[in-house]
Amino acid sequence: MKVPTTYSDWAILLDRFSDGDDSVLEELSNGNFTVDAGTAARFYKKVEEAYKKRKQNWLEKFQRSFELQNLKTEDDFEIALRNGKQNLSPLSRFAVLKSFPDDLKKLLRKDLEGFVSEIKTSLKSNASKLRGREKMILLLNSFELNLNSEEIKGDSKNNKQSTNEIIPPTGRKIIF
């Protein structure tokens, strides 16, 4: 696996991601790119294009799933929501890639949280008109992003190592 280090490498992988290739997320996560004044605008624009295209593709598939699946029961609605949430996972992993600059991660994360919030609001307003809306609203409340999972994985390794290295003033080390 070749990790991207140049703008050209990043552009190729970002194009593949925007076309639906989730396998590049690992390479993107391990990538390295020094954003300088000459490439910053192009890099951010390329990331934004990939993100927006992928988000639009997700939205179209999500809407199509509601149109194609004749949702007759609450269980059908639950399945459609679960599938939508699973299909949103690559986009949420993309938004928190550790190789992105912090300001870019913050911007992507905020946009994705707002996007999911809009989807939930729209679905809740439509569910209020249906029979059995209480269960549907409960299901919609569980429609959340899991943006912290990748950050937590990286932080938990560091926290375990650092907590085992603390030696109290008595000179004794306590191991749990």
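This report describes salt bridges in a predicted model.

## Basis of the values

The model is predicted, and local features need pLDDT of at least 70, side-chain atom pairs count only at pLDDT 80 or more, while totals for chains, interfaces and linings use all residues. Residues are numbered from 1 along each chain as its sequence is written, and side-chain values use heavy atoms, with hydrogens and water left out.

## Salt bridges in the whole structure

Nine salt bridges are found in a search of the whole structure, a salt bridge being a side-chain nitrogen of Lys or Arg within 4 Å of a carboxyl oxygen of Asp or Glu.

## Helix 1 to helix 3

One of the salt bridges joins the side chains of Asp-15 and Lys-46, at 2.8 Å from N to O. Because Asp-15 lies in helix 1 (residues 7-18) and Lys-46 in helix 3 (residues 40-68), this pair ties together parts 31 residues apart in sequence; helices here are DSSP runs of H or I with at least four residues, numbered from the N terminus. Asp-15 is partly exposed at 35% relative accessibility, whereas Lys-46 is buried at 16% (buried means under 20% relative accessible area, exposed over 50%, partly exposed in between, with a 1.4 Å probe and protein chains only).

## The loop to helix 3

Lys-53 and Asp-19 form a salt bridge through their side chains at 2.6 Å, N to O, and this pair links Lys-53 in helix 3 with Asp-19 in the loop between helix 1 and helix 2 (24-30), 34 residues apart. Lys-53 is partly exposed at 38%, and Asp-19 is exposed at 57%.

The side chains of Arg-54 and Asp-22 also meet in a salt bridge, at 2.3 Å from N to O. Arg-54 lies in helix 3 and Asp-22 in the loop between helix 1 and helix 2, so parts 32 residues apart in sequence are tied together. Arg-54 is buried at 11% relative accessibility, while Asp-22 is partly exposed at 33%.

Technical notes. Helices (H or I, at least four residues) and strands (E, at least two) are DSSP runs, numbered from the N terminus.
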